[in-house]
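Thanks for passing this one along. Below are a few notes to read with the model open beside you.

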Amino acid sequence: MSQNDTQLSLRDIGAHFDRLPQVVGFLLLPEFALMSYASAIEPLRAANSLAGRSLYAWRHISIDGAPVLASNGVEIKADHSIADDVRLDTVFVCAGGNPTTFRHQPTLRWLRRLARARVRIGGVSGGPYVLARAGVLNGHRCTIHWEHMPAFIEEFPELAVTRSLYVIDRDRLTSSGGISALDMMHALIEQDHGHDLAAAVSEWFLHTEVRLGSGPQRMSARERFDVSNRRLLRALEYMDAHVEEPADRAKLSAVAGVSVRQLERLFVTHLGSTINAHYLRIRLDRARNLLRQTAQPVLAIAVSTGFTTASHFSRAYRRAFGLSPKAERARQPKRNSQIIQPNWGN
C-alpha cells in the first residue's frame, strides 16, 4: 500500500472525531533532551497527516516565554510562558541535564494548577523528576531514566516507581527518555484514536517493533558486555543487583557455578578486568550518580555502595575519577546554577 493509499484509508478514522484538536503543551526546560522531545511531538504531526485532519495541536512553553536551548544547543522558540492563559488538554515536561536541581516554584505551582484542572500531564527523560517535585505523581505509578533512578528513589520513596520504558497511569504519563517516548506516544494515540491510526504512525517512522511500557530500560548484561557465557552473565547480573552489600569472590563463583579461578579467568578473557576491579567500577559509577544527583552525605553514599569507611571510599574514588567525592559534590552546584537556574526567581 502506498503512502497516499494509507492517508486515504485513514481519513475515515478522523471522520469519527468531531471535537476540536487536542492541544498538547510542551514545557521545555533548559538543556532538555532533543531526542526525547522529538519522539514525543513528531507522532502527533504524523497522526494529523495520516488522519487527514487536525487531531492534535501543540504549543511550546517556556518559563518566561523566551526561546529554550536543548542539550545539544538547538534553540526552540516558545509560543507561551507559564504565566499565559492557554487552553491545554495535555502537557509534557521535557527536561534533561540534571533535573534534581530544578526547584523553580512558579513552575511547580503551575503544574499543580494543571493537575487540579484535570489536565493530562506527562514527563519525558528528566521530566518525571519535575513532576514528582511538584507533587503531581502522588498516587500514580511512574518511571524515569535509569541514570536518575537512585536519586529519584531517595528523594521520593513514597512513589510507585518502576524501571520500565514508560508508564501510563490514568492521566499521568512518564517516559524514561530517548526513543521510549515514541513507544509511549503509540500507546497514547491508540488510546485516543484507535489501533489502526497508532499502527500507521509507528509504521510511518519505520518503528516496526513497538515496545510495551513494561519493557526494560537497559540492555541485558549479555548485550551490554557482548558476552554469551552464561556463567559469567550470572555473576555480572548478581553484581548489578548487589551494590550496597557486595559479594566476595567465593559467593560470586558459587552463583556462577564455577571455581573462583575459573571465574577470574572468565572476567579477564571476556572483559579484560579482574572480578574485584569490575565490581569496584560498578559501585563507583553508582556512587558518582548519587554524588551528582542527591544531597545524601558522602558517608551515606559510601555505605550505600559497599564501602565500610569514608576514607576507603575517598581513596578509591580519587583513583578512578581523579578527584575526591567531596570535590565531585562541590563542583555540581556551580556548574548547574550556570546552566539551569538563571533569572528563575522563586
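1. A quick orientation to begin with. The protein chain has 15 helices and 11 strands. Please keep in mind throughout that this is a predicted model. Of its 346 residues, 50% count as buried. Among the contacts in the chain with a separation of 6 or more, 65% are between residues 24 or more positions apart.

2. Now to the aromatic rings. How many aromatic pairs does the structure hold? The count is nine. One of them joins Phe26 and Tyr37 in an edge-to-face arrangement, with 5.9 Å from centre to centre and 85 degrees between the planes. This pair links distant parts of the chain: Phe26 belongs to strand β1 (residues 22-28) and Tyr37 to helix α2 (residues 34-51), and the two are 11 residues apart. Both Phe26 and Tyr37 are buried.

3. A second pair worth a look is Phe313 with Tyr317. These rings are also edge-to-face, at 5.8 Å between centres and with the planes at 70 degrees. Here both partners sit in helix α14 (residues 310-321), four residues apart, or about one turn of the helix. Are they buried or exposed? Phe313 is buried, and Tyr317 is buried as well.

4. Going back to Phe26 and Tyr37, I would view them together with their neighbours in the ring network. Ring pairs connect Phe26, Phe32, Tyr37 and Phe92 into a cluster.

5. Which ring does the charged end of Arg283 sit over? That ring belongs to Phe307, and the charged end of Arg283 lies 4.3 Å from the ring centre.

6. On helix packing, please have a look at α9 (residues 230-241) and α11 (residues 260-271). Their axes come within 10 Å and cross at roughly 90 degrees. Angles of 65 to 115 degrees count as roughly perpendicular, so that is how α9 and α11 are placed relative to each other.

7. From α9, the contact involves Arg231, Leu232, Ala235, Leu236 and Met239. On the α11 side, the residues they meet are Leu263, Leu266, Phe267, His270 and Leu271. How do the residues of this contact divide into nonpolar, polar and charged? Eight are nonpolar, one is polar and one is charged.

Note on methods
Residues are numbered from 1 along each chain as its sequence is written. This is a predicted model: local features need pLDDT of at least 70, side-chain atom pairs count only at pLDDT 80 or more; totals for chains, interfaces and linings use all residues. Side-chain values use heavy atoms; hydrogens and water are left out. Rings of Phe, Tyr and Trp (its six-membered ring) pair if their centres lie within 6.5 Å; planes under 30 degrees apart count as stacked, over 60 as edge-to-face and the rest as tilted. Buried means under 20% relative accessible area, exposed over 50%, partly exposed in between (1.4 Å probe, protein chains only). A charge sits over a ring if NZ of Lys or CZ of Arg is within 6 Å of the ring centre and within 35 degrees of the ring normal. Axes are lines fitted to C-alpha atoms, for helices over the stretch in contact, and angles run from 0 to 180 degrees between N-to-C directions. Angles under 35 degrees count as roughly parallel, over 145 as roughly antiparallel, 65 to 115 as roughly perpendicular and the rest as oblique. Contact means heavy atoms within 4.5 Å. Ala, Val, Leu, Ile, Met, Phe, Trp, Tyr, Cys and Pro count as nonpolar, Asp, Glu, Lys and Arg as charged, and the others, Gly among them, as polar.
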